Amino acid sequence: MSNSATDPGYLRYQYADADKLRLRHQTHALYSEQATSFLDWLMPTIDPQPGALVLDVGCGSGAYHPLLAKYNPRIVAIDASQGMLDVVQQQAQQQTLPVQSMRAFAEALPLRDAACDRVMGNHMLYHVADQLAALREMRRVLKPSGRVILATNAADSGQRLIDVHLEIARTAGYTPLDERFDRGFSLNHLDLVREVFPNAERRIYHDAFLFPTPEPALAYYASGVIDMIAERPADGSHRARLMPLFEKRVQEIIEREGVFRVPKSSGCFVAEI
Ligand SMILES: C[S@@+](CC[C@H](N)C(=O)[O-])C[C@H]1O[C@@H](n2cnc3c(N)ncnc32)[C@H](O)[C@@H]1O
């Protein structure tokens, strides 16, 4: 089966700009069962000292940077997508954040050995084909006593939403891809992380989406999972066919259960060297 999570064409489409990722961050902020956000939960694990150098690998739209700035670190943010870096730079200018950004890949980090106090690779290793190479690079640039933080999802995170996709995509005559980005690198991958960081630990954050109406679930679905079909039409015509089916199915669930609850546990690996 093809793996769209590491397919360069798919990654360019998904992350050309920050719109889809931002929509997902907003959905987590508005429709999560947990009162404490995942980012707030993760901050004490990152916990940089003032002046510490924090490397944010696969920084996306820079969602962590405003919270991190309260610790007064220096942040170097890298991403494969220039569209993401444009947003990161704009945010840093508008909010006067201590962020330097550059386009680079996790497998070849543009930093000297032992330069960083913290290295984060959050919700991104499932996009990297050679994960061991990326982990080794993260270790190379960490100072002795530095800390690596690798956030990702539980293997079954979002499965209930994917199950609706599998059902409606088949109904519409498509071959859905029963894959999840996070299955390529989920909280089940502790052994892989320990190949490079032998004392890595796993920390789990239990959460779920609670969708009271179909609309926010539909917007979230349209930002990613909807494209998990084999031979995705280049004209995007599958979207107009799948969205009403998804909305109808979720509406039925809400009428029956009162809310569309989608478990979405996540967490991180953390290690010091
Ligand atoms: C799901 S987003 C996560 C963004 C951010 N870390 C967060 O948690 O909000 C994944 C990001 O990884 C980037 N990415 C994918 N493959 C990469 C690679 N090999 N090297 C660097 N960045 C990569 C994508 O461009 C995207 O911005």
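**Entry 1. Terms and model**

I take strands to be DSSP runs of E with at least two residues, numbered from the N terminus. I note at the outset that the model is predicted.

**Entry 2. Val-54**

I looked up Val-54 and found its place in strand S1. I counted 24 other C-beta atoms within 10 Å of Val-54, so I record the residue as buried. I then listed the contacts of Val-54, leaving aside neighbours within four places in sequence: Pro-48, Leu-68, Pro-73, Ile-75, Asp-117, Arg-118 and Met-120. I also checked Val-54 against Pro-110, which is 56 residues away in sequence; the C-alpha to C-alpha distance is 14 Å.

I place Asp-47 in the loop between helix H3 (38–46) and strand S1 (53–57). I find 14 C-beta neighbours inside 10 Å, and Asp-47 therefore counts as partly exposed.

I next turned to His-123, for which phi is positive at about 50 degrees, although this residue is not a glycine either. I locate His-123 in the loop between strand S4 (116–120) and helix H6 (131–141). Is His-123 buried or exposed? I count 22 other C-beta atoms within 10 Å; His-123 is therefore buried.

**Entry 3. Trp-41**

I followed helix H3 to Trp-41, which has its place there. I record Trp-41 as partly exposed because 17 other C-beta atoms lie within 10 Å. I find that Trp-41 touches Thr-36 and Tyr-205, not counting residues up to four places away in sequence. I also noted the separation of Trp-41 from Arg-103: 62 residues along the chain, and 28 Å between the C-alpha atoms.

**Entry 4. Residues around the ligand**

I inspected the shell around the ligand. Which of its 18 residues come nearest? I list Gly-58, Gly-60, Ala-80, Met-124 and His-127.

**Entry 5. Helix H2 against helix H9**

I compared helix H2 (residues 19–31) with H9, whose axes come within 9 Å and cross at roughly 150 degrees. I therefore describe H2 as roughly antiparallel to H9, since the term applies to angles over 145 degrees. I read the crossing of H2 past H9 as left-handed. I see Leu-23, Arg-24, Thr-27, Leu-30 and Tyr-31 of H2 meeting Pro-216, Ala-219 and Tyr-220 of H9. I divide the residues of this contact into six nonpolar, one polar and one charged.

I looked up Pro-214 and found it in helix H9 (residues 214–222). I record Pro-214 as partly exposed because it has 19 C-beta neighbours inside 10 Å. I list its contacts, not counting residues up to four places away in sequence, as Glu-247, Val-250, Gln-251 and Ile-254. I also checked Pro-214 against Ala-234: the two are 20 residues apart in sequence and 26 Å apart from C-alpha to C-alpha.

I then considered the packing of H9 with H10, where the angle is about 140 degrees and the axes are 9 Å apart. I read the crossing of H9 and H10 as right-handed. I find that H9 contributes Pro-214, Ala-217, Leu-218, Tyr-221 and Ala-222 to the contact, while H10 contributes Arg-239, Met-243, Phe-246, Glu-247, Val-250, Gln-251 and Ile-254. I count nine nonpolar, one polar and two charged residues in the contact of H9 with H10.

**Entry 6. Helix H7 against helix H10**

I returned to H10 from the side of H7. At what angle do the axes of helix H7 (residues 159–171) and helix H10 (residues 237–257) cross? I read roughly 130 degrees, with the axes coming within 10 Å. I therefore class H7 and H10 as oblique to each other. I note that H7 passes H10 in a right-handed crossing. I list Val-164, Glu-167, Ile-168, Ala-169 and Thr-171 on H7, and Leu-242, Leu-245, Phe-246, Arg-249 and Val-250 on H10, as the residues that make the contact. I find seven nonpolar, one polar and two charged residues in the contact of H7 with H10.

Terms used: Residues numbered from 1 in each chain as written. Predicted model: local features only at pLDDT ≥ 70, side-chain atom pairs only at ≥ 80, totals over all residues. Near = placed C-beta within 6 Å. Axes fitted to C-alpha atoms, helices over the stretch in contact; angles between N-to-C directions. Helix = DSSP H or I, 4+ residues; strand = E, 2+ residues; numbered from the N terminus. Parallel < 35°, antiparallel > 145°, perpendicular 65-115°, else oblique. Left-handed = near helix turned anticlockwise from the far one by under 90°. Contact = placed C-beta atoms within 7 Å. Nonpolar A, V, L, I, M, F, W, Y, C, P; charged D, E, K, R; others polar. Buried ≥ 20, exposed ≤ 12 C-beta atoms within 10 Å, placed from the backbone.
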